[in-house]
Amino acid sequence: MTAGIDVPDRRGRTGLDRHGRDLTGNPRVRILDVRVLSCDWYVLRRTTFDYRHDDGHWSREQRETYDRGDGATLLLHDASRGTVLLTRQFRLPAYVNGHPDGMLIEAAAGLLDGDTAEEAIRREAAEETGRTVGTVEHVFDVYMSPGSVTERLHFFAAPYENTTAPAEGTRGVADEGEDIEVLELPFPEALAMIRRGEIVDAKTIMLLQWAALEGPFTHISRRTVPPPPPHRCSGDGAAPVHRPGC
């Protein structure tokens, strides 16, 4: 008997080896076998499949996929004051992989855990920042690391009010080991922190850039981001460079 397959694992799941066996959406892919390598909390699987290439030949492939469920993330913003509300918390994987102290600045986020994406992000915003979220705007959905991780992340944005400031100290769910600091930052400063390498979390960078390009801070980003230098074409004293319009 194997936990997660024949008998429940620590999260009460069985049949984890059947996930992905019945996929039929791509005729170039034939799933042959799915094996569960680990299901201590999330699920690591090894899938064997045949793949038909453009020239018609088939190859047998194996891939490992890490299934931690889907998640949601939220950029809290105050357009009238030009600020965003972010968090800072310790991330062991980043620390292991070269981040100086593992303390990452991020937008509020969390796994769906059976809720809808909007329900989940309201829950996470309350837990991580102390804010009750009103109307949320769906931004986009993204596979964050499609080469190995199954997670699809749902991106949202929502305004917050300065009158509902979070309580002092750190936030998060103590039983889950969370120790989260809430940061309110001027939006131009948040953008500058990306360029300085102080914000290195992908979902947060994507939300901040969306906010500058299409979201609530287009008016600020147009004033604060300098235009690119004019290009120089061959014949004007510069080395020949092919650019549109030259």
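A pocket, as the word is used here, is an open set of grid points where a 1.4 Å probe fits, with protein on both sides within 12 Å along at least five of seven lines. The structure is a predicted model, and its second largest pocket has a volume of about 610 Å³.

The lining of this pocket is made up of 19 residues. Those nearest the centre are Leu23, Thr47, Thr65, Pro146 and Thr150. Three strands each supply at least two lining residues: E1 (29-38), E2 (43-52) and E3 (58-67). Of the contributions to the lining, that of E3 is the greatest, at 4 residues. Sorted by class, the lining holds 8 nonpolar, 7 polar and 4 charged residues.

Now turn to helix H2, which runs over residues 117-129. With 13 residues at 1.5 Å a residue, H2 should span 18 Å, and this agrees with the 18 Å between its end C-alpha atoms.

Which residues of H2 are buried? They are Ala117, Ala120, Ile121, Glu124, Ala125, Glu128 and Thr129. Seen down the axis of H2, the buried residues fall within an arc of 135 degrees, so they line one face of the helix. An α-helix has 3.6 residues a turn, so residues three or four places apart point the same way.

What do the buried residues of H2 pack against? Their partners are five strands by name: E4 (71-78), E5 (83-90), E7 (108-111), E9 (152-159) and E10 (181-186). After H2 comes Gly130, which has a positive phi, near 80 degrees.

Technical notes:
Residues are numbered from 1 along each chain as its sequence is written. This is a predicted model: local features need pLDDT of at least 70, side-chain atom pairs count only at pLDDT 80 or more; totals for chains, interfaces and linings use all residues. Side-chain values use heavy atoms; hydrogens and water are left out. The expected span of a helix is 1.5 Å times one less than its number of residues. Buried means under 20% relative accessible area, exposed over 50%, partly exposed in between (1.4 Å probe, protein chains only). The arc is that of the directions from the helix axis to the C-beta atoms. Contact means heavy atoms within 4.5 Å. On a 1 Å grid over the protein atoms alone, a cavity is a set of points where a 1.4 Å probe fits but cannot get out, and a pocket is an open set with protein on both sides within 12 Å along at least five of seven lines; lining residues have an atom within 4 Å of a point. Grid points are joined across faces, edges and corners, and a volume is the space filled by probe spheres set on the points. Ala, Val, Leu, Ile, Met, Phe, Trp, Tyr, Cys and Pro count as nonpolar, Asp, Glu, Lys and Arg as charged, and the others, Gly among them, as polar.
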